[in-house]
Amino acid sequence: NHSSPVLQSLIFGVEGRSTQDEHWLQERMQVKQFGFGQSNPTYLLIISNLPHRNDALKVVLRRKPNKIAHPSSHALHREFRVLESLLRYNKQLEQQQQQQQAFDKSVPIPTPYAYCKDETV
(Lines give C-alpha, C1' and ligand atoms only; values in the text may rest on other atoms or scores of the structure.)
Protein backbone atom coordinates (compact mmCIF):
# COMPACT_ATOMS: atom_id res chain seq x y z
CA ASN A 1 0.00 0.00 0.00
CA HIS A 2 1.68 3.20 -1.21
CA SER A 3 -1.06 5.57 -0.06
CA SER A 4 0.06 8.57 1.92
CA PRO A 5 -1.69 8.92 5.31
CA VAL A 6 -2.18 12.63 4.51
CA LEU A 7 -3.78 11.84 1.15
CA GLN A 8 -5.94 9.16 2.76
CA SER A 9 -7.06 11.67 5.35
CA LEU A 10 -7.94 14.22 2.65
CA ILE A 11 -9.86 11.67 0.60
CA PHE A 12 -11.59 9.55 3.21
CA GLY A 13 -11.65 11.89 6.22
CA VAL A 14 -9.67 9.29 8.21
CA GLU A 15 -6.26 7.67 8.03
CA GLY A 16 -5.55 3.99 7.68
CA ARG A 17 -7.89 2.90 4.91
CA SER A 18 -6.92 -0.41 3.34
CA THR A 19 -6.07 -1.23 -0.26
CA GLN A 20 -9.63 -2.59 -0.58
CA ASP A 21 -10.62 1.04 -1.09
CA GLU A 22 -8.66 1.32 -4.35
CA HIS A 23 -11.67 0.25 -6.44
CA TRP A 24 -13.90 2.68 -4.56
CA LEU A 25 -11.43 5.48 -5.25
CA GLN A 26 -10.94 4.58 -8.93
CA GLU A 27 -14.68 4.99 -9.47
CA ARG A 28 -14.58 8.51 -8.03
CA MET A 29 -11.25 9.91 -9.22
CA GLN A 30 -10.43 11.68 -12.46
CA VAL A 31 -6.79 12.30 -13.33
CA LYS A 32 -5.86 15.03 -15.79
CA GLN A 33 -2.26 15.84 -16.73
CA PHE A 34 -1.33 19.45 -17.28
CA GLY A 35 0.27 19.53 -20.71
CA PHE A 36 2.19 22.77 -20.64
CA GLY A 37 5.27 24.35 -19.14
CA GLN A 38 6.22 21.97 -16.34
CA SER A 39 9.47 20.03 -16.36
CA ASN A 40 7.96 17.89 -13.57
CA PRO A 41 4.80 16.05 -14.65
CA THR A 42 1.85 17.72 -12.94
CA TYR A 43 -1.61 16.21 -12.51
CA LEU A 44 -4.98 17.41 -11.29
CA LEU A 45 -6.78 14.77 -9.22
CA ILE A 46 -10.52 15.37 -8.90
CA ILE A 47 -12.24 13.10 -6.40
CA SER A 48 -16.02 13.31 -6.18
CA ASN A 49 -18.79 11.79 -4.05
CA LEU A 50 -16.78 11.81 -0.84
CA PRO A 51 -18.84 11.03 2.25
CA HIS A 52 -17.46 13.92 4.35
CA ARG A 53 -17.51 16.63 1.63
CA ASN A 54 -20.24 18.37 -0.33
CA ASP A 55 -17.89 19.35 -3.15
CA ALA A 56 -15.22 17.52 -5.13
CA LEU A 57 -11.72 17.41 -3.68
CA LYS A 58 -9.16 18.86 -6.09
CA VAL A 59 -5.50 18.08 -5.46
CA VAL A 60 -2.46 18.82 -7.62
CA LEU A 61 0.12 16.05 -7.73
CA ARG A 62 3.66 16.71 -8.96
CA ARG A 63 6.32 14.09 -9.53
CA LYS A 64 9.76 13.76 -11.04
CA PRO A 65 9.91 12.72 -14.69
CA ASN A 66 10.90 9.14 -15.50
CA LYS A 67 14.22 10.26 -16.98
CA ILE A 68 16.26 12.85 -15.11
CA ALA A 69 19.15 14.67 -16.77
CA HIS A 70 20.96 15.54 -13.54
CA PRO A 71 20.42 14.27 -9.96
CA SER A 72 20.00 17.80 -8.54
CA SER A 73 17.39 18.79 -11.11
CA HIS A 74 13.67 18.35 -10.50
CA ALA A 75 14.19 18.80 -6.75
CA LEU A 76 10.58 18.60 -5.61
CA HIS A 77 11.72 18.34 -1.99
CA ARG A 78 13.08 21.90 -2.25
CA GLU A 79 9.86 23.12 -3.83
CA PHE A 80 7.87 21.49 -1.02
CA ARG A 81 10.09 23.04 1.68
CA VAL A 82 9.73 26.49 0.10
CA LEU A 83 5.93 26.14 -0.02
CA GLU A 84 5.85 24.99 3.62
CA SER A 85 7.99 27.97 4.64
CA LEU A 86 5.76 30.39 2.76
CA LEU A 87 2.70 28.81 4.35
CA ARG A 88 4.20 29.35 7.85
CA TYR A 89 5.08 32.94 6.88
CA ASN A 90 1.50 33.57 5.70
CA LYS A 91 0.05 32.15 8.94
CA GLN A 92 2.35 34.30 11.10
CA LEU A 93 1.54 37.33 8.98
CA GLU A 94 -2.18 36.65 9.28
CA GLN A 95 -1.92 36.63 13.08
CA GLN A 96 0.00 39.91 13.06
CA GLN A 97 -2.40 41.53 10.62
CA GLN A 98 -5.42 40.57 12.72
CA GLN A 99 -3.91 42.53 15.58
CA GLN A 100 -2.77 45.51 13.50
CA GLN A 101 -5.36 45.58 10.67
CA ALA A 102 -2.45 46.00 8.24
CA PHE A 103 -2.30 45.67 4.46
CA ASP A 104 -2.24 42.03 3.28
CA LYS A 105 1.39 41.08 2.53
CA SER A 106 0.79 37.35 2.23
CA VAL A 107 2.23 35.32 -0.63
CA PRO A 108 -0.42 33.47 -2.65
CA ILE A 109 0.55 29.78 -2.73
CA PRO A 110 -1.13 26.41 -3.02
CA THR A 111 -1.39 24.53 0.27
CA PRO A 112 1.31 21.84 0.44
CA TYR A 113 -0.20 18.68 1.97
CA ALA A 114 2.50 16.03 1.73
CA TYR A 115 5.83 15.09 0.22
CA CYS A 116 6.65 11.49 -0.59
CA LYS A 117 10.30 10.43 -0.91
CA ASP A 118 9.41 7.00 -2.29
CA GLU A 119 10.11 7.22 -6.03
CA THR A 120 8.11 4.07 -6.74
CA VAL A 121 4.86 5.80 -5.81
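## Helix α3

The buried residues of α3 are L76, F80, L83, N90, L93 and Q97. Buried means under 20% relative accessible area, exposed means over 50%, and partly exposed lies in between, with a 1.4 Å probe and protein chains only. What covers the buried residues of α3 includes strand β3. Such cover is a matter of contact, meaning heavy atoms within 4.5 Å.

Helix α3 covers residues 76-100, which makes 25 residues. At 1.5 Å a residue, α3 should span 36 Å. The expected span of a helix is 1.5 Å times one less than its number of residues. The end C-alpha atoms of α3 are 36 Å apart, which agrees.

## Basis of the model

This is a predicted model: local features need pLDDT of at least 70, side-chain atom pairs count only at pLDDT 80 or more, and totals for chains, interfaces and linings use all residues. Residues are numbered from 1 along each chain as its sequence is written, and side-chain values use heavy atoms, leaving out hydrogens and water.

## Overall layout

The protein has three helices and three strands. From the N terminus on, the order of elements is α-α-β-β-β-α. Helices (H or I, at least four residues) and strands (E, at least two) are DSSP runs, numbered from the N terminus.

Of the 121 residues in the protein, 21% are buried. The accessible surface comes to about 9300 Å², and 50% of it belongs to carbon and sulfur atoms. These areas come from the Shrake-Rupley method with a 1.4 Å probe; for residues, only the protein chains shown count as cover. Take the contacts between residues at least 6 apart in sequence: 32% of them join residues at least 24 apart.

## The sheet

Three strands form an open sheet in the order β1-β2-β3, with antiparallel pairing. The edge strands are β1 and β3, each pairing on one side only. Neighbouring strands of this sheet are turned by 20° against each other on average, direction ignored. Axes here are lines fitted to C-alpha atoms, for helices over the stretch in contact, and angles run from 0 to 180 degrees between N-to-C directions. Strands of a sheet pair through backbone hydrogen bonds, either parallel or antiparallel. Two strands count as paired if DSSP finds at least two bridges between them.

β2 and β3 pair in the antiparallel sense over six bridges. Y43 has L61 as its bridge partner in β3. V31 sits in strand β1, residues 29-33. Leaving aside neighbours within four places in sequence, V31 is in contact with Y43, L44 and L45. The C-alpha atoms of V31 and L45 are separated by 4.8 Å, although these residues are 14 apart along the chain.

## The loop at N49

N49 lies in the loop between β2 (42-47) and β3 (57-62). N49 has a positive phi of about 55°, although it is not a glycine. N49 is exposed, with a relative accessible area of 63%.

## The aromatic pair

The structure holds one aromatic pair. F80 and Y115 form this tilted pair, 5.9 Å centre to centre with 35° between the planes. F80 lies in helix α3 and Y115 in the segment after α3, so the pair ties together parts that are 35 residues apart in sequence. Rings of Phe, Tyr and Trp (its six-membered ring) pair if their centres lie within 6.5 Å; planes under 30 degrees apart count as stacked, over 60 as edge-to-face and the rest as tilted.

F80 counts as buried, at 15% relative accessibility. Y115 is partly exposed, with a relative accessible area of 32%.
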